[in-house]
Structure formats: structure tokens, C-alpha cells
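Reader: I would like to go through the labels attached to this structure and see what each one rests on. Please set the values against the cut-offs.

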Amino acid sequence: MRKKIISILILVTLFLLGSNTISVIKANETVSMKPRNSISEKKSLIQNKSILPNDTYIDDPISTGWSPMNTIEVGKLVMPDGGELAYQFGGWYDVGTPIDDLEELPIMPNIYLVNKDLPGVGASQNVSGLFSADLGPRTSAPFYFITNDGKSSDSFALPEIKNVKMFKRVSGNKTLYMIQANLSISSFVGGMLMEALGQVTMTPDEDTTSIKIETAVKNNSSLNAYERLALGSSYDTMLAGYDQVPIRLYGSQKGLQIRLSHDDEDKEAAKYVPEGTTYLLNYMFRTNHPVANWRGGKFDDRTSNQWSGYGFMQDGLIRGFPSITSEGDEVDVSAAGTSVTKKGQDTVIRMKTLPVQNFTKGTVIGYSFNIGLQQIGYKPTLTLDTKEGVFTSNETEHIIRGKWDDSDSLTSDLYVSIDGKPRQFVEKLKTSSIGMGGEFKYTLPISELVSNPDEKHTIRLSLIDSDSQEKDSDGNPFESLVSEYTLYKSEGITVSLDKKSDLLTGKDYTVTGTLSDRDVFKPTTIYYKKWDTVEYKQATVVNNGETAFSFVIPASEIPMTAGASHVFDIYAVNRFGLKSNVEGLKLSMNQTKPSFTLDSTDQIVNGDASEYEITLPTYSHIGLYYPLSIMYQVDNSSWKTVQQDIGTVTHTLDSVTGENATFKIPASEVPFGTNHSVNVKVKDRFDIESADSKEVNFVMAAKPVLTLENKDGLSSGEDQVVSGTVTTDYHPTKFQYKIVKNGETSAVFQDVVPEDLTIDTITGKFNFMLSKELLPKGASYEIFVKASDKYNQLSDIVSYKLTEVVQFKVRFLNGKGQEIHKDIILDRALGAKINLTKESVVLEAIEQLNKQYTMTDHPMPEDEIEVNKEKPFVEYKFIGRLTFMSLPEALDFGTKHATSDRLRIDNPRIQGEHLVVSDTREDSTGWTLTAKLSKELLNEDGKTSLKDAIRYKSGKKELFLNDQALPIIRKEMTSYYDISEDWHPTGDGFKLEVSRRAISGALGKYDGEILFELGATP
């Protein structure tokens, strides 16, 4: 019998209240230039600009921001008039065509004006500037060569093009395209072969509204069979689909132009152009690495569209280059617009580099040019040669040059506006023939510029066609778009060297210094030359954001000869052509009395070495007593003299110091197996020895040291990764292992095969795997490991243990031996001790069972149970009982308002836990729960009580609780029953009901008590 008492609470009232290094570049470019100290002079450097910097050819496009192209693409450049200039390689494949589907990758650059009235993008649908789709890829070629082997006459070489790859790179709002290909070059005369790498890039140039075409070829073979070689290209000309376009001079030695007009005298050509329209295709050759020679001529295809290029070496009507040194239209000083081809000819533009001597492996040659294509109407057009310039404080004027065009007039008025001031008339530009246009030169007086903090000025130039009969919609003369020119002031460019004099070492010399110049003027090129020569060489380039620079003077230019003293002139030229002061650098030989320093760092004896190098970081003596000889002694043996001199005799009594002299001694003199000491001294050419000797030690490395990361653990029957660190200087290292099972003595070491071993020879970290088949469950193991270096020096043996695992069970049984809780399995090593009083999982199980059972037996001793295989379990025994698992602390009927005749509450709030009964008796037949009022509901005044107010509803019956025990629940055996879980406001549970009259005189708080009793029978 179990009895429990809970409280009943109620408060009755009448109302409710609520409420986030510059890289070192060796000289490879020669400049003929007489140095001057004036910073105001712009210099035209006489040099072979056909030789390009070695990094012009991009060896690894991916690492420099280029990505492979998967489909044919077209780039677009928005023009000042709102039109679009398109550019791509090829033009005979549809845009979007997968490159993998193409039989032949296009290598020809192409441009065209986008025809907005036609759908799609493609050369065949627009105003083509090079060729149209029906011409195909073989009418032009970016690569050909004129060669001379020094024996026979000049010959033509057309390369075999293989392995073409296409790339693109997005830079800001620009898209650049590039092709690269392998070129096999063989001369038609002699058949000499050379492997080269070809590259063509297309870059939109917003300043000139044109596309920059850069062609480069890199010698990729050691063969240098040609005494001279020139690179060339040929581009079949076409404009707006017309193939017989005339080629004209574009300015004075500036380039070539193709003009096509609706009003052209050539009526056939005029058919290709809409009324009131003129197309201009300009080849502009004024670039940083310009085309050396160019000619407009007749297209010559002798091999049925298999383009051969024979025309390049023909003169006359063909107008090719008869020899490797031939010049072209660049020497023609005729007026702009002069035609260089005959009417009705199928025309072509050919170009080439200057002859290059010693085209050795790694050398890059090439050129760049710009192609512009525009459509003009009645509006005049104005194009500047460059959109930037610079002036110095001692200049009084600045010249701006450009080209102008007007399709219907012989004249145009040039206007200028300076730094936002009102525009002013400059001059009337005139030409000899309508539509020809011409060059112009505007001379800006420096006195008209007002100084500002940025020392930057904006010049705007425009044209007005005042003499034309054609007017705009408002009746005004047509005006050109404004061309903007930026002019900077330079206060000077200065070079300063970190050292103006230094010692000769017989090696390359690194010059370091600082450049003072505005970033806007960079990149700036550093040049140097010997004082007694006239040829300046390019040393390095200082880019935007950089001030420090360094470059290397090769040892070949500063030989350590008798009395050597080398003086160099060094200066800089920025991108505007301004040059700096000239700094002097002196490299000479000095001497002192015999002395030296020795790198005494211990050296390791290496059994595979054939010789050892010893370094003298410094040595010095009187120059006249040089050269010095090196002597050495091994382990107190006799002294030996090295047949090698250091230093060079000089006819001076000054002291000379050298650096980093090295000599070698045979490994046989410091044999493997023991430590050695080597003494070193020097003597001069008069056999006067240094005052003392210095020592360097040769030591044997210690045997390998082996450590394991594996720790002792349990034998789980899984693969074992053996890992650790081996410390040795003598790799490769071999490993062996031995597995001892249950203490057996018959196990032997086995080799770890190289394929199973992973080792980092720098850190010594290693690992290898032992298969689980070698370590089956049900046994204990000790794993031994040892290592040996390349000389079979053995490490100490290291090991770790894996102990057999026993699944030890903890059982929980009732009086009939039945399981009352799932077995708890503890994986423990065989022979280990278990303290069950410390095992939390066991303690938690016992704690839970004690709530419903009474423990009758437990293991002894409980705190030290040995794990064994014979009896791998223990038992806890319990008997069941009938009990309350939990009860409410109170039933709170809340605060209610006496507003009606009767007050009823169906859902009291449970305070505390639920009313739960547990019956775990082994032979139980059921139980009964009774309830009675052990204390009537009594008002807080201590006088008024409520009779028959508390009821218990079960099904349809309601029992009035009084001082007699009434059965409210009968149940057959159940181990756990939550009685209050079934209580519901409209269903079972405790209820309260009183009349208003019963409480009207005694409002307030009432409380009472209920006594619950459990009966052992139903």
C-alpha cells in the first residue's frame, strides 16, 4: 500500500484584472645614343626595335590571366559616334561555333563595323575591314620569313603552322584575344629547319579607336643557321566586300589607308558603299615596336589559293620586298592620300621587320600595328596621332599632330579649347582633292597653360565644315566629334645609384638604384653603356608604382684583367621620351696583404660524393702580388696546393679583395666512415703564405633517428597506418616491420615495399599501411619498426602495442532472471581492470532501474573487476515493486470570478510532475488507485469550507471526493502508466464545481489535500 498527499488550490474573486620587385632584366636591346644631361630633350632611340623583350611571347598564358577559348567569339569596341568596331580571329565561322568542331583554327586577325540593320555578328554580315567569309583563311598570313644563311642569296620561308591554340583575357572592360602556334621554318634554298613559336594578339585601343595587332615569334630551337632573318606578314585587303580597293599613303611615313566612297571615281567600288558614306580603313604603324617596312601592292596567288607568298620577294607591279633589306612605302614622302597601287588591282598589304642577326634560342622578334575602320558621312573626322604628351619648364610650345578627313569638302576649320576655356579658331585645313583630308599640326603656346596642382592639362580639338553646302537638321555646318589630348608637365626625371663605385668580383654585377619620376610617365626604361663605347643597352623597366630598380651587368662586360677599371654611364627614358641625368658607375680592382676568410660551416661526409667544394667568402692582398694559390691539409697530413689561382695580378700597390672563391678536394681524401678536419691557407705568387690557417670540419651524419606517431591501443582488426618521422641526411630510407602476435618469438622483420611507402625527404615524415589481414581480431600484437639510410646505417627499433579487445557485458535481471535493461557492452583490453562505480553508463542505468525496482545483488568487488575471456560479464539483480513514479505537488484550479450561479473548473493546472504509477512486480495481477480528501477545501479565513466541490470524472461517472477512499483507477499489470496524461477538460480528471451561494460570503483562496493510495490488487 502506497499513500501520497497533494494540495488543492483555488482563488475566487468577483472581478478579473487584465492588462569588412622589381624583376631583374638582363640587357638584350642595343641603343645608339649620345648621352646628354638635359632632361628636357626627347630622344629618338636608334635601335633594332624588331627585337622584342623576351617576355613578349607568353610561355604560360594560363598563369598570366589568359583562358582557353571554347567557342568562336567576337569582341567589340564602342566608337565615339556610338558605332561598334568588332574584332576576332577569322570570320568565316559563325560566332558560338565550338572550337573542337573546327577543321582548321583561324589565325588571321579580322575587324569589321557592326551593321546594326542586320541580325547576328559576323564578317559576312557587316562592313568587313580585312576579308569576308567567302575569301577563306588562306589569302593572308601573319607569319612568313625572309632568310639569309650567309652563303646564298635571300630566300623566302613559309612556316608550317601546327598546334594552334586560342586564348582570351578580360582586362577591365576590354577583351583581348590571342592565338599561339608552333612554327617549323625551312628555307626554300638549303632546307635548313628551325622550330619557333608564333603569337598574334588583338587588343582594343580606346585612345585611337582601333585594334592593336601584335605579332611575335620566339626561336624555340638551338639551331641558328641563318646569318640574318626577317619576320613578315601579308594581309589581303578588302573593304565592305570589295576586293580591288586602292591603297593610299596615310600621312607622312605614318601608315597606309584604304578609302571607299559612294562618290568614288571607281563606279564598281562605289556600288559597295551607301549614299553619303565613306569607309576608311587605316593601318597605323607608329607603335612602341613598329613594323619596320610596309608596302601596298598587288595580290599574287600562284598556287590556286594555297597561299605561297612568292609576291613578297617580287618588285614591279607586285610591289613586294626583293631582299631582306628592302624598304617600302615608309620612305615615300608623298602627300597623304596618294595611291600606291593601280586602279582595279586585287591588293594586299605586306610588312616585315628589320633583318635580325643572331636569332638565337629564346630571342623574340616581331612588331605591332593598329587597324582602325570607320564610317564617315558629311561630318568631318579628326584623329590624333597620340592622345597624350609632355612638356618641360624650358619649352615654349608643344606640337599636337593628327589626321583629318572630310568626305565632301576640300576644307575644314580646326578649333581648340584649352582646359575648359571657350574654343578658338586655329586654322583652315585644306586638301587637294575632295575626300582626301590630310595631316595637321597644331602648335600650342605653353604660355596659354595655367599651372594647376596636378600639372595636367586637357586640350580639346574639333573640326567645323563651314564651306560645305551640306548642313545638319538645324541648318548649321557639320561638326566633328571632339578629340581630347592630355598634356602633362615634367619637372625632370632623375636616376640615383645606391653605389657609384664598387669592387670587381669576376662575376655578374647587380646595379641598384632609385628613379624619381611621376607615375604617369612610366613605364620608364633604364639604359647603360661603357664610358668608352657609343652603344647604350636596355637594362630594365620601372613600372607604375615602382621607384627602385636593379639590373645585371654580365661578368663578360667587366672582366678582371690587369689594371681593370670599368666605368659605366646610366640613364633613364620614360614613355614620353624624356631622359634623365646620366649617373656614373665605377667598378675596379683593389688589393691588400694576403688574408682570407673561410666558410667554416661543418660539411657532411657523403658516401656518394666525388668531391667537396670549400668557399673562401673573402680574400685580399696587394694587387701586384696576385694571383693567390690555395693550400689544404686533411687530418694533419702533408699540405697540398690546388691547381687553381684566385685573383689576377695588377700593376698597383693598392689592396684588392675578392669574394666567394671556391675550390674542390677529392672525396677520396675525406673517406666515408669517420670525421675529418681540413685546414686551409693561401699563398701569393712569391710563395708567401698567409699568417694563419683556418679549419673546416667534415662530419659523419648520425644514424637515422626514428620516432612513431602511433600510440599503444586496442586490437580492432582494422588496417593500421604506421606513421612517424625519420631524421637522416642520407635518403633514400628503407623501412622494415615485424608483427609479434601474443608474445610469439618466431616473427621476423619484413621489408616495406617502396610502392607502399610515402615519405617527405625534406621533413622526414613517412607512413605505410599494414593490412587488416595481418592483424585479425581476437589477438594482441606488438608492431616493431626500424629504418636504414642509403649507407645501411640502422636506426634504433621502435614499437607500439595493440591489445586484444574483449566485449565485457554488464547485465540487469529481475527476480525471474529476465532482462530488464539492455546489456551494456564495454570494449576493454584483455586483462584490464574495470571500476563499475566509475562507469557513467552503468551508473545511469542503475539510477533509472532503482526508480522502479529494488536491487538485491551486485558484483563483488564492484570497483576492480578483471576483464577475461572465460567470464566476460557481470550481473546486477533486482526485484520489481508497485510504486508511484511521480506525483503533482498540487492541483491549481486557478483564479475564477463568481459571475454565475454555479462555478465549474474542468482543467486544473498540475504543479510539479505528472501522476505516474509503476508496477514491475514479477507476479503482479494489477493494482487500484484510490483517492480521498484528507483535508476539505477551506477558505483562508479558516472558517468556510466547500463540501462536495472536488470530483473525479472517469468515463461518464463523476465521484464526489470526501473523507472515504474511493477507487478512481483500476489497472492490470503495467510497468509504467501516466494517469494525468489522460486528463482532459471534457474528459477524465479532477473537476471542481460549487454554487455561487456557497462562496458568496467567503471569497478568497481555498486549499485542501487529496490522499492517493495504491492497492496491490485490481
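Reader: Why is K218 called buried?
Author: In this predicted model, K218 has a relative accessibility of 13%. Buried means under 20%, so K218 falls in that class.

Reader: What makes the contact of K218 and D59 a salt bridge?
Author: The side chains meet at 2.9 Å, N to O. The cut-off for a Lys or Arg nitrogen and an Asp or Glu carboxyl oxygen is within 4 Å, so the pair of K218 and D59 qualifies.

Reader: Which parts of the chain does that pair tie together?
Author: K218 belongs to strand β15 (residues 210–219), while D59 sits in the loop between β4 (51–52) and β5 (67–68). The pair therefore ties together parts that are 159 residues apart in sequence.

Reader: Is D59 buried or exposed?
Author: D59 is exposed: its relative accessible area is 54%, and the class begins over 50%.

Reader: How do you know that K833 and E866 form a salt bridge?
Author: Their side chains meet at 3.4 Å, N to O, and the limit is within 4 Å. K833 lies in strand β58 (residues 833–834) and E866 in strand β60 (residues 865–866), so this pair ties together parts 33 residues apart in sequence.

Reader: Why is E866 called partly exposed?
Author: Its relative accessible area is 42%. That class lies between the 20% and 50% cut-offs, so E866 is partly exposed.

Reader: What are the values for the pair of E993 and R902?
Author: The side chains of E993 and R902 meet in a salt bridge at 3.0 Å, N to O. E993 is in strand β71 (residues 989–995) and R902 in strand β63 (residues 902–905), 91 residues apart. E993, at 15% relative accessibility, counts as buried, whereas R902, at 43%, is partly exposed. A search of the whole structure finds 36 salt bridges.

Reader: What makes β32 and β37 edge strands?
Author: Each of the two, β32 (494–497) and β37 (548–553), pairs on one side only. They belong to an open sheet of three strands in the order β32-β34-β37, with antiparallel pairing. Neighbouring strands of this sheet are turned by 35° against each other on average, direction ignored.

Reader: How do you know that β32 and β34 pair?
Author: Four bridges join β32 and β34 (residues 509–516) in the antiparallel sense. At least two bridges are required, so β32 and β34 count as paired. T494 stands opposite S516 in β34.

Notes. Residues are numbered from 1 along each chain as its sequence is written. This is a predicted model: local features need pLDDT of at least 70, side-chain atom pairs count only at pLDDT 80 or more; totals for chains, interfaces and linings use all residues. Side-chain values use heavy atoms; hydrogens and water are left out. Axes are lines fitted to C-alpha atoms, for helices over the stretch in contact, and angles run from 0 to 180 degrees between N-to-C directions. Buried means under 20% relative accessible area, exposed over 50%, partly exposed in between (1.4 Å probe, protein chains only).
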